[in-house]
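Have a look at the sequence and the structure, then read on.

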2 protein chains.
Amino acid sequence: MRKGEQTRTLILNEAVALASQVGLEGLSIGSLAARLAMSKSGLFAHFGSKEDLQLLTLKQAQTLFFEQVFSPALKQARGLPRLRALFSNWLAWVKRNDDLAGGCLMLAASVEYDDRPGAVRDLLVAGQRELRGAVAKAIRLAIDEGHLEPHTDPWQLTFEMFGIVLATHHDFRLLGDARAPERAGDALERLIEAHRAAAPRA
Amino acid sequence: MRKGEQTRTLILNEAVALASQVGLEGLSIGSLAARLAMSKSGLFAHFGSKEDLQLLTLKQAQTLFFEQVFSPALKQARGLPRLRALFSNWLAWVKRNDDLAGGCLMLAASVEYDDRPGAVRDLLVAGQRELRGAVAKAIRLAIDEGHLEPHTDPWQLTFEMFGIVLATHHDFRLLGDARAPERAGDALERLIEAHRAAAPRA
DNA sequence: GCAAATAACGAACGTTCGTACTATTGTGTG
DNA sequence: CACACAATAGTACGAACGTTCGTTATTTGC
């Protein structure tokens, strides 16, 4: 029970790395086993099916995202500081090149499964809904703190922030544009400025 | 020479539709042949390799994009009208559900090939560069026409417009959010408003 | 309308896919 | 130390993959 969990986690971490390059569908049990220097059947025994492996891999990526992007942002003061921290952690996540060599797995999977019904897509949608809700909540808190003007629509702002992240991912990954994160920062600041509350400055 | 070209085009159109759902990598010669009720080998004979098929499929999608998004926008008056037309055509392209049932093929391929060097990726990058340049040029014209203020950075604005489109694609396709295009329109108008020239109103 | 050219076919290649069984090794505990 | 069982390896499977081959059908140019 102990050794099993251990290698299982090892497998899943490697699976996240591999899937970030070739996608969740392109992730094959054979190649994953080869990368871990273990037998295909030995690896397969940890999961009942490929879909299970895909689901757990995606779940692992979601956990990593929460730990590295969201959780540290919660330590910042509510309002704009937390919102900015969230955004900058998010950009850092997108830029990662170590164990996410192929870019954000969730974004890749979103495109891969947006028209492929099933458990993977459902998990993807649930995670995305959760993320959006959390960002919108952070924005609502910024309004409550008096950092953003009361008329601000949290969902609209969330939508636009997400767009900036997507564009950054695209430009950074496909076009290899190192200035993309800088552009993203500028875009966010302009966005904040447009919705900043008149009276108190943050 | 005539019959060949004809079925080749037929194949490529079907390939675009199929690849938009399963990706350029997931596009298999066997399933494509089955959809067209022809033999695997007969289809394969039109292309020397799978990579050739992928390249031509992508090229076909790029052509469709130019015809349906870009070309009609050029008929509008330069400046904001043309920029708005371009954006709205782009949104319409993203929302298509007939022969692009799986969403924009270029966006899907961008995520699929962003870390897979080769001819497909090169073609993808070239197309993206061309598109970005054209959008930036439309913005520059809007500045020249006095619709946008002279300090506007065309590349930054292009980046942000692209982000809005990406977010729309994501929300519309994965989350099934029908209000996404509306959000996109609002975002664009706010973006334009922020950069609008002071003196003459458009 | 005949001959040359092209297009489509069916079968088979070797490989890899996911999955199922069985055997062997390894680990933790009484 | 040995027993029980978890963990890994081994082997085999049917199907699908991209690709090649030789052959048949169908267009095309004269």
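Let's start at the DNA: the surface near DNA strand D draws at least two residues from each of α1 (2-26) and α3 (40-44) of chain A, and from each of α1 (2-26), α2 (29-35) and α3 (40-44) of chain B. Helices here are DSSP runs (H or I, at least four residues) and strands are too (E, at least two), numbered from the N terminus. This is a predicted model, where local features need pLDDT of at least 70, side-chain atom pairs count only at pLDDT 80 or more, and totals for chains, interfaces and linings use all residues. Residues are numbered from 1 along each chain as its sequence is written, chains are lettered from A and ligands numbered from 1 in the order in which they are written, and side-chain values use heavy atoms, with hydrogens and water left out.

**DNA strand D**

- 21 residues surround DNA strand D, with A:S39, A:S41, A:H46, B:S28 and B:K50 the closest; a residue is near a strand if one of its heavy atoms lies within 4 Å of it.
- Sorted by class, that surface has six nonpolar, 10 polar and five charged residues. Ala, Val, Leu, Ile, Met, Phe, Trp, Tyr, Cys and Pro count as nonpolar, Asp, Glu, Lys and Arg as charged, and the others, Gly among them, as polar.
- Of the atoms of DNA strand D within 4 Å of the protein, 61% are sugar or phosphate atoms and the rest belong to bases.
- A:S41 goes for a base instead: an N or O atom in its side chain is 2.6 Å from a base nitrogen of DNA strand D.

**DNA strand C**

- Among the 19 residues around DNA strand C, A:S28, A:K50, B:S39, B:S41 and B:H46 come nearest.
- The backbone does some of the work here: polar backbone atoms sit 2.6 Å from a phosphate oxygen in the case of A:K50 and 2.7 Å in the case of B:S39.
- The side chain of B:S41 has an N or O atom 2.7 Å from a base oxygen of DNA strand C.
- Two or more residues of this surface come from each of α2 (29-35) and α3 of chain A, and α1 and α3 of chain B.

**Chain A and its helices**

- Chain A has nine helices and zero strands, and its C-alpha atoms fill a box of roughly 65 × 35 × 30 Å along the principal axes.
- The axes of α5 (residues 80-95) and α9 (residues 180-195) of chain A come within 11 Å and cross at roughly 160° (axes are lines fitted to C-alpha atoms, for helices over the stretch in contact, and angles run from 0 to 180 degrees between N-to-C directions).
- That angle makes α5(A) roughly antiparallel to α9(A), a label for angles over 145 degrees.

**Chain B helix pair**

- In chain B, the axes of α4 (residues 50-73) and α7 (residues 119-144) come within 9 Å and cross at roughly 15°.
- α4(B) is therefore roughly parallel to α7(B), the label for angles under 35 degrees.

Key. Polar contact = N/O pair within 3.5 Å; in protein donor to acceptor, adjacent residues only side chain to side chain. Parallel < 35°, antiparallel > 145°, perpendicular 65-115°, else oblique.
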